[in-house]
Amino acid sequence: MISWLLPGFLNLLKMFVADTYAHSVSHTNASPTRRAESAFNNLDRWYNVSTGTWDSTGWWNNANIITMVGNLARADPENDQLQLRARVIFALAFRRAPATNPQLIAPIIGNGSFALFKGTNYPVGNDRYSDAHTHEPHTLFPLDWHAITNRHLPNNPNDLPLAASSNPEPWLNGYYDDNLWWSLAWISAYDLTQQKHYLHLAQNIFLAMTNIWPTHCHSGGIYWSWERNYVNAITNELFFSTAAHLANRAHKKSEREYFFAWAERALEWFDRSGMINAQGTINDGLTEECVNNNGTVWSYNQGVILGGLVEMHRATAQTATGETYLSRATRIAHAALRQLSDADGVLHDPCEPNCGADGTQFKGVFMRGLQELQKVAPDEVFRDAIRRSAESVWWHNREDGVFSVNWAGPFIYPANASTHSSAMEALVADLAVG
């Protein structure tokens, strides 16, 4: 399969990492391209070839890193080594990442109950909860989570179970937003490589999530987790956005219509849910009584819906309806920037600097959505916001080549694959729309 690529890939990693330190010191005035490439090289500090993922961060965070890698490679098409690295990263994750799925739980079709997969050596045991006051998600792993994961890996990495092209089960767990992050990751891989097995996997992860519909709120939507005790914005935005992305990539007319119908249905429900507030931003979720809980306005809740609305525009670009999706996205983006930017125009989340393992990823997700919107509906406010955050990340939030959670600075220790990859989204956006 891909084992023949590993020696060359490892040599590339060593070469890039060695070259990175020179770039981070001597190229302080580097172009957006060199900045993004240098940051990508430093991301290798946490890369684990055995698992195809990045140590120091979690399962859903790794899906976002995969998505970012695809975006970077599309924004920097002349870099042949980057193109190769992206493809090898996708292939390794496709084959090996399921071994790091820390809570391998899948829905049993038809009755909504859940069961652990039988006869596997997958580690099980992470937990997540939503803060009662802010609704910030927190993922709890055993202290030796990565060690546990590695103990379950075969001595020969090539003996890892292959996530067969259409089988979503190794990618599913009881937190439905996690599953949809991975669906979007494989869409990003497909967009770069046009390899259909990535698209098929993304489609089937989404199809598994349709079995969660509906919740007890407003006759629709999906729950955050297997416990079915919270209906939140991020999971339903991901459901909508994934459907919209798939509608534009399906090869058969019937499939395009199917995914587009789900996207329309999910967006119509989201509008009725009341999670979009009077200021035009999105609160975190709904109460048990199915009304807006006035939870924290997190940046990622403002970002995911932008990508979905852009895809809806693409699907209907030849009709008058197409422009309405961009108008909606533009209103949300402007409202989010007003609320979440500081006086210098740099993006922040309310949890900073103590955002835990999950909140450190949020701003990058918003920057990705803003990039997608800017490419189809240019707005000087959006371009300026991307530039300001990218400049600040580079000049005020960089220490020894890596980035922390506070994009405005000062650098906050310790950095990890989540803080670094999230900040990279600002650099990639600056490159992509510049």
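Reply: The protein has 15 helices and 8 strands; these are DSSP runs numbered from the N terminus, helices (H or I) having at least four residues and strands (E) at least two. This is a predicted model, in which local features need pLDDT of at least 70, side-chain atom pairs count only at pLDDT 80 or more, and totals for chains, interfaces and linings use all residues. Residues are numbered from 1 along each chain as its sequence is written, and side-chain values use heavy atoms, with hydrogens and water left out.

Of the 434 residues in the protein, 62% are buried, where buried means under 20% relative accessible area, exposed over 50%, and partly exposed in between (1.4 Å probe, protein chains only). The protein exposes about 16400 Å², and carbon and sulfur atoms supply 52% of this area; accessible areas come from the Shrake-Rupley method with a 1.4 Å probe, and for residues only the protein chains shown count as cover. Among contacts (heavy atoms within 4.5 Å) with a separation of 6 or more, 68% join residues 24 or more positions apart.

The requested part can now be described. The largest pocket has a volume of about 400 Å³. A pocket is an open set of points on a 1 Å grid over the protein atoms alone, where a 1.4 Å probe fits, with protein on both sides within 12 Å along at least five of seven lines; lining residues have an atom within 4 Å of a point. Grid points are joined across faces, edges and corners, and the volume is the space filled by probe spheres set on the points.

The largest pocket is lined by 25 residues, of which Asn-71, Arg-74, His-245, Glu-311 and Glu-372 are the closest to its centre. The elements that give two or more residues to this lining are helix H3 (59–75), helix H6 (176–193), helix H8 (233–247), helix H10 (299–315) and helix H13 (362–376). H13 provides the largest share of the lining, 6 residues.
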